[in-house]
Amino acid sequence: MAQVSDVKIDFSVDNDAVIPLIERLQGSLSKLDKHVANLVSTRIEELHQANDLIFHITDFHKSDMHIQVFSYPTESFLHMVQAVFSKNYEALLPQSLSPPEIE
């Protein structure tokens, strides 16, 4: 009868690409007009509901039984953050409320 020894897996998460961005966004939100802050909050909630805020890439190293998860902001989240940092608040409006584009 073969005996299986305990298998241990080391697991770590790398949020280096996400945490500084979120911290900077939080700092910006505290300085915004209440209406704009609510608009940003609504947009973040919409992205969250659509599962379009952060994506993860998993890397498994069989040799040392290590799983590492890397977290990155999605393109939609980056566009929203860029709109906040550049004070382009119109870009945060839903498409149906956005001003018409000039051709």
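The entries start with the ground rules and then go element by element.

**Ground rules.** I am working with a predicted model, where local features need pLDDT of at least 70, side-chain atom pairs count only at pLDDT 80 or more, and totals for chains, interfaces and linings use all residues. Residues are numbered from 1 along each chain as its sequence is written, and side-chain values use heavy atoms, with hydrogens and water left out.

**Helix α1.** I looked up α1, residues 19-29, and found Leu 21, Leu 25 and Ser 28 buried. Buried means under 20% relative accessible area, exposed over 50%, partly exposed in between (1.4 Å probe, protein chains only). Helices (H or I, at least four residues) and strands (E, at least two) are DSSP runs, numbered from the N terminus. I then checked the opposite face of α1, turned away from the buried side: Glu 23 and Gln 26 are exposed there. What do the buried residues of α1 pack against? I found α2 (34-49), β3 (66-73) and α3 (75-85). Contact here means heavy atoms within 4.5 Å.

**Ser 71.** I located Ser 71 in strand β3. Ser 71 has a relative accessible area of 3%, so I log this residue as buried. Its side chain makes a polar contact with the side chain of Asn 15, at 3.0 Å. A polar contact is a pair of N or O atoms within 3.5 Å; within protein, one must be able to donate a hydrogen and the other to accept it, and residues adjacent in sequence count only if both atoms are side-chain atoms. Not counting residues up to four places away in sequence, Ser 71 touches several residues, including Val 13, Ile 54 and Phe 55.

**Phe 55.** I placed Phe 55 in strand β2, residues 54-61. Phe 55 counts as partly exposed because its relative accessibility is 38%.
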